Amino acid sequence: MTHPNDPKLRSFIDVGPTSDFPIQNLPYGVFSSKDGLAPRVGVAIGDYVLDLWELEQDSRLDVGPLGVFSQPSLNAFMALGPKVWSATRARISELLRSDHSELRDNRELRARALVPMADVKLHMPFAVSGYTDFYSSKEHATNVGVMFRGKDNALQPNWLHMPIGYNGRASTVVVSGTKVKRPRGQLKPPTAEVPSFGPCKRLDFELEMGVVVGQVSAMGEMLTEQQAEEMIFGFVILNDWSARDIQQWEYVPLGPFQAKAFATSISPWVVTREALEPFRMQGPKQEPEPLAYLKQTRPNNYDMQLDVTLRAGAMNEAKTICSTNFKYMYWSSVQQLVHHASSGCAMNVGDLLGSGTISGPEKHQRGSLLEISWNGTEPVELASGVTRSFLENGDSLIMRGWCQGDGYRVGFGEVEGTIVAAE
């Protein structure tokens, strides 16, 4: 059978060269439509969602226990493991191929199984078991360090030796399109003698990728590079909303807490690790050499373009404020997962690992307003003379990401969030 990643493959569904969802992608999500059925699992193909529950009922798709795709999350499917993931993707690819008649020529099944994207509502694609956020872009960590500690002390001594992270809140991970209420918290600007409580005044975004863990690891056990890779089901775009003024007052000595707990937005489509395989590449050289358990024997980064646009308040025009690439990450997703489990921490199906802010070496590649505006001292200019140092109520932020192939792209759609007032 032709491999689903073959760039020559074409679907009987018309898919343009700039679509995020060609037959080489086939990302998974959870949707509901006007038919009144509960949310269920689908795959994006062009401007349609392929209803996997319809295919499962029609015996065109067999993954084992009946009803895996009728559920409102991907967790049950992910738990079946990498061999099932790969076989299922290959079967879906076969059904959608232009030279395969099984679905193409079955008008009744096509009418049931292919739902126009415009007619669906997208939901959280998986139930988040746990959420961990890393800090793995050297450029981002250096920029923040220079701002707050000076050029000579930008990186903390441990940063080049292990992926730094903290445990976030799974309860407030939300899907694209969910409005984000401005958080409240303790604030103590440098000029104040005592803290006060109120709405955040320095609200920010962080452009990240999220790793979706699809297999468990046992408590007390470590992971090899290969084991960690095989546990990764796929990736989402992730916006780690951040309240910088709350964070500044609370983060010593234990790190981020309430400043990050109020919302984390993800894209509704999970792009599988297998779909990203053609875009795998070597990451930055790691010096000093990592300890033995963190050494990599193969490239684990990805050539993935990432853009952020900001629309201020009621304005119609949005402006691109960041264009960067996932390839710049110093610590790879595999290394993050290996390190996370290295203490004996058990990983679960549905765990979400944020990559940390993705910044590149150039100014236009900075993945947060903290960096873009250099902590508010260099406001970014938007349309019609409007400027922003941090996010205001009514602002809408959109993140997009894709890997560019030969005549096609493997994309994630978008993750959008609009800021609403705290009161």
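I started with Lys260, which counts as buried at 6% relative accessibility; buried means under 20% relative accessible area, exposed over 50%, partly exposed in between, with a 1.4 Å probe and protein chains only. Ground rules before going on: this is a predicted model, so local features need pLDDT of at least 70 and side-chain atom pairs count only at pLDDT 80 or more, while totals for chains, interfaces and linings use all residues. Residues are numbered from 1 along each chain as its sequence is written, and side-chain values use heavy atoms, with hydrogens and water left out.

I placed Lys260 in helix H9, residues 258–261. Helices (H or I, at least four residues) and strands (E, at least two) are DSSP runs numbered from the N terminus. Leaving out residues up to four places away in sequence, I found Lys260 touching Tyr166, Glu206, Asp240, Trp241, Ser242, Arg244 and Gln247; contact here means heavy atoms within 4.5 Å. The Lys260 side chain also makes a polar contact with the side chain of Ser242, at 2.8 Å. My note on that term: a polar contact is a pair of N or O atoms within 3.5 Å; within protein, one must be able to donate a hydrogen and the other to accept it, and residues adjacent in sequence count only if both atoms are side-chain atoms.

**First annotated set**

I looked up UniProt, where an unreviewed entry puts the feature "binding site" at Asp240, Lys260 and Thr264. These residues spread over 25 residues of sequence yet cluster in space, with a largest C-alpha distance of 7.9 Å. From this set, Lys260 is in the lining of the largest pocket. UniProt positions are in the numbering used here, feature names are shortened, and annotations may be inferred rather than shown by experiment.

Asp240 sits in the loop between strand E14 (232–239) and strand E15 (242–243). Is Asp240 buried or exposed? It is buried, with a relative accessible area of 0%. Beyond its neighbours within four places in sequence, Asp240 contacts Tyr131, Asp133, Tyr166, Phe205, Glu206, Glu208, Lys260 and Thr264.

Thr264 lies in strand E16, residues 264–266, and is buried at 1% relative accessible area. Its contacts, again without residues up to four places away, include Thr172, Val173, Val174 and Asp240.

**Second annotated set**

UniProt also lists Asp133, Glu206, Glu208 and Asp240 for "binding site", from an unreviewed entry. They cluster in space too, with a largest C-alpha distance of 11.0 Å, although spread over 108 residues of sequence. Asp133, Glu206 and Glu208 from this set are in the lining of the largest pocket.

I checked Asp133: it is in strand E6 and buried, at 2% relative accessible area.

**The largest pocket**

I ran a 1 Å grid over the protein atoms alone: a cavity is a set of points where a 1.4 Å probe fits but cannot get out, a pocket is an open set with protein on both sides within 12 Å along at least five of seven lines, and lining residues have an atom within 4 Å of a point. Grid points are joined across faces, edges and corners, and a volume is the space filled by probe spheres set on the points.

The largest pocket comes out at about 890 Å³. It has 34 lining residues, and the closest to its centre are Tyr135, Val144, Gln247, Tyr251 and Pro256. The elements giving two or more residues to this lining are strand E6 (131–134), helix H6 (138–149), strand E7 (165–167) and helix H8 (244–250). Which element gives the most? H6 does, with 5 residues. By class I noted 15 nonpolar, 11 polar and 8 charged residues in the lining. Ala, Val, Leu, Ile, Met, Phe, Trp, Tyr, Cys and Pro count as nonpolar, Asp, Glu, Lys and Arg as charged, and the others, Gly among them, as polar.
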